[in-house]
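This briefing concerns the structure displayed below.

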Amino acid sequence: MARAVTPRRKMINTTLAWSVGLLIFFPILWIIVLSFKTEGDAIKTPIEVLTSVWTFESYLVVQDRSDYFKHFSNSVIIAMGSTLLGILIAVPAAWSMAFVPSKRTRGILMWMLSTKMLPAVGVLYPIYIGFIKLGLLDTRLGLIIVLMLINLPIIVWMLYTYFREIPGEILEAARMDGATLREEVLYVLTPMAIPGIASTILLNVILAWNEAFWTLNLTAAKAAPLTAFIASYSSPEGLFYAKLSAASVMAIAPILILGWFSQKQLVRGLTFGAVK
Amino acid sequence: MKLANALRAATAMSLLATGAVHAENLVIATVNNGDMIRMQGLTDDFTAKTGHTVEWVTLEENVLRQRVTTDITTKGGAFDIMTIGMYETPIWGANGWLVALDDLSAEYDVGDILPAMSGGLSHDGTLYAAPFYGESSMIMYRTDLMEAAGLEMPDAPSWSFIAKAARAMTDRDNEINGVCLRGKAGWGEGGAFITAMSNSFGARWFDEDWNAQFDTREWSDTLNFFVNMMTDSGPAGYATNGFNENLSLFQQGKCGMWIDATVAASFVTNPNDSTVADSVGFALAPDNGMGVRSNWLWAWALAIPAGTQKEAAAKEFIEWATSTGYIELVAANEGWANVPPGARVSLYENANYKDVPFAQMTLDSILSADPNNSTVDPSPYVGIQFAAIPEFAGIATEVSQEFSAAYAGQQSVEEALAKAQALTNDAMEAAGYR
């Protein structure tokens, strides 16, 4: 039986939730504020920053100096490409682990997850040399492959969790009706798991969009995504806070909007299986 | 806009005239700072003159260093030209990773490059990178606060004067700190400053047998002097302050003195960004009466990685970007105060440039820095704020982390020096120096 929530308690909970939310969102909010200031005003005290003139100057400078749309299209292609390729590989993998597990399934799942604990810089040189030999350096295809590989454990794990919620009897019934393995996965399993697959896609697009180690180290002028766009405005010798903030806002805006509209699916995806 | 359109038209005509058969597309890796961004804006001039086009990869200094190091050590070929510093150039040149710049044209006039710069960017007398701009370090101070304190800054002050002036100028009630200095961890941040300062106290990183020297009185004197002065007169939290944090404080009028890179002079005297632009004076970095000043020497330079397929076009770009013609181009578009400083002798003989308030002090600072004799006692390494050996960046980053922990009060100066001594000797032994 659900506990009754008093209005007072509801108000406290709401206030607390908003406070925590604002605290988490504050760095992004402050970046947005600084992006509308001049470099001179951006380094002043918070009160002076808020009361100084608001201007689009930094956005105009960034737009004039950098090819935003080239970086943006690279980010879209790399994030979407790596996620979809990962889904293509992960769906059959998660199916076999969820519905025909072997005694090693648990171990394989844990091993896959453990690869995420390896510091990326430890394999930078082997991958860099491999990319040179294969002609993949500074190509979108190269980044799609690498980002797919580094996110694959998460994709498999998420899909495995969703598939485990689907009764195996339904697939068995399909098999008895004469469905082949391909038809079983494509026409029975996938439609039932669409909410889970959508959540997985959303989360992995965000992860791939924000990835900043491989995207900086394996690109130069052609395939550089928005992470490289932001990095070009950071400097230890010279004040570029306003321009850096403007570049950051331009880089995170698309994913922020995507996250806003799909927050229900995201929350569902992240909490799936948490309560039974 | 008119200039840009004219340059584009000239580019198109030039391409038609030359048939564009030999036109190359150069990929250049560079750092994000005012001079480099200015160069990117003027690239149309290079294209108009040669037909070659340019793509820029601009990265933050530390990211760039890692990125180009990965590429050059694996012969990746991602870049045709790299922006590197005085630390990397002699090491990479010795390893055969860079194209020697020993056949530049007569019009380029290699002899016009400041000897301190060409010396620091060479290995065995061969130039491997052309300086785009050079810098030393010097004192920037508030003339009004100095006057109010009843003191007069000498052209070449001592550390004891700086400490005295800092204490006299400090006014905590009005948020004025007598002196702002780098304390941030990192070999190129606080590590660079304290190393240059230690030279003037008679300290050195290694003796002639590559033994660490942090257990000497000279290092103890350096660090204790620094911590005492900053505790009395520095800003709160100075252990995390680097160039940008101190620039921000100085521009807001919260520092009496700031000892840092000479390129900062154009920022603090720019009335658009600095609230104290009209009351800034300059002086040489301090000494301690031992014959060595505490200023450093650095250059951002353009180099060609060995194995590039576009060596000829890359050399054409380097000649264009580091020429006297480029300096005149910047002066015509942005004014003489914004030309890249510290690279060419002729710039400092130019009557127009002599009017720039910080020009002479910048030159004097650069000329007083000698990377080959940076310490009072003899040392086995070249470099002032660094030792030009491959292991230095890693070791110095760790050492500066220990020093920053001491600045923050997390450990004593003695503890920091003992840890620095142990980790440096361990690393040098592992690398085979000892």
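In this predicted model, the largest nonpolar core has 194 residues, of which Ala94(A), Leu159(A), Phe79(B), Ile81(B), Met140(B), Met257(B) and Ala301(B) touch the most other members. Helix α8 of chain A, residues 140-164, supplies the largest share of this core, 14 residues. At least three residues of the core come from each of two domains of chain B, namely domain 1 (2-128 + 297-354) and domain 2 (137-296 + 380-430).

**Contacts of a core residue**

- Met140(B), one of the core residues that touch the most other members, is in contact with Phe250(B), Trp258(B), Ala264(B), Ala265(B), Val268(B), Val280(B) and Phe282(B), when residues up to four places away in sequence are left out.

**Strand β10 of chain B**

- Strand β10 of chain B covers residues 297-303, and because 7 of its 7 residues are buried, the strand is largely enclosed by the rest of the structure.
- In a regular strand, side chains alternate between the two faces of the sheet.
- From β10(B), Leu297(B), Ala299(B), Ala301(B) and Ala303(B) point one way, whereas Trp298(B), Trp300(B) and Leu302(B) point the other way; all are buried.
- Ala301(B), on the side with Leu297(B), Ala299(B) and Ala303(B), is also among the core residues that touch the most other members.

**Strand pairing of β10(B)**

- Strand β3 of chain B (residues 81-85) pairs with β10(B) in the antiparallel sense over 4 bridges.
- Within that topic, Met82(B) has Ala303(B) in β10(B) as its bridge partner.
- Strand β6 of chain B (residues 130-142) also pairs with β10(B) in the antiparallel sense, here over 6 bridges.
- Tyr133(B) stands opposite Trp300(B) of β10(B).

**Chain A**

- Chain A has 15 helices and 0 strands.
- Its C-alpha trace spans about 70 × 65 × 30 Å along the principal axes.
- Of the 276 residues in chain A, 35% count as buried.
- Among the contacts in chain A with a separation of 6 or more, 78% are between residues 24 or more positions apart.

**Interface between chains A and B**

- The interface brings 29 residues of chain B into contact with 26 residues of chain A.
- On the chain B side, the elements that give two or more residues are α2 (34-41), β2 (53-59), α4 (61-73) and α11 (243-251).
- Helix α11(B) provides the largest share of that side, 5 residues.
- By class, the side of chain B that touches chain A comprises 10 nonpolar, 13 polar and 6 charged residues.

Terms used. Residues are numbered from 1 along each chain as its sequence is written. Chains are lettered from A and ligands numbered from 1 in the order in which they are written. This is a predicted model: local features need pLDDT of at least 70, side-chain atom pairs count only at pLDDT 80 or more; totals for chains, interfaces and linings use all residues. Two residues are in contact if their C-beta atoms, placed from the backbone, lie within 7 Å. Ala, Val, Leu, Ile, Met, Phe, Trp, Tyr, Cys and Pro count as nonpolar, Asp, Glu, Lys and Arg as charged, and the others, Gly among them, as polar. A residue is buried if 20 or more other C-beta atoms lie within 10 Å of its own, exposed if 12 or fewer, and partly exposed in between; C-beta atoms are placed from the backbone. Two strands pair if DSSP finds at least two bridges between them. A nonpolar core is a set of buried Ala, Val, Leu, Ile, Met, Phe, Trp, Tyr and Cys residues joined through C-beta atoms within 7 Å. Domain bounds come from an automatic or database domain assignment.
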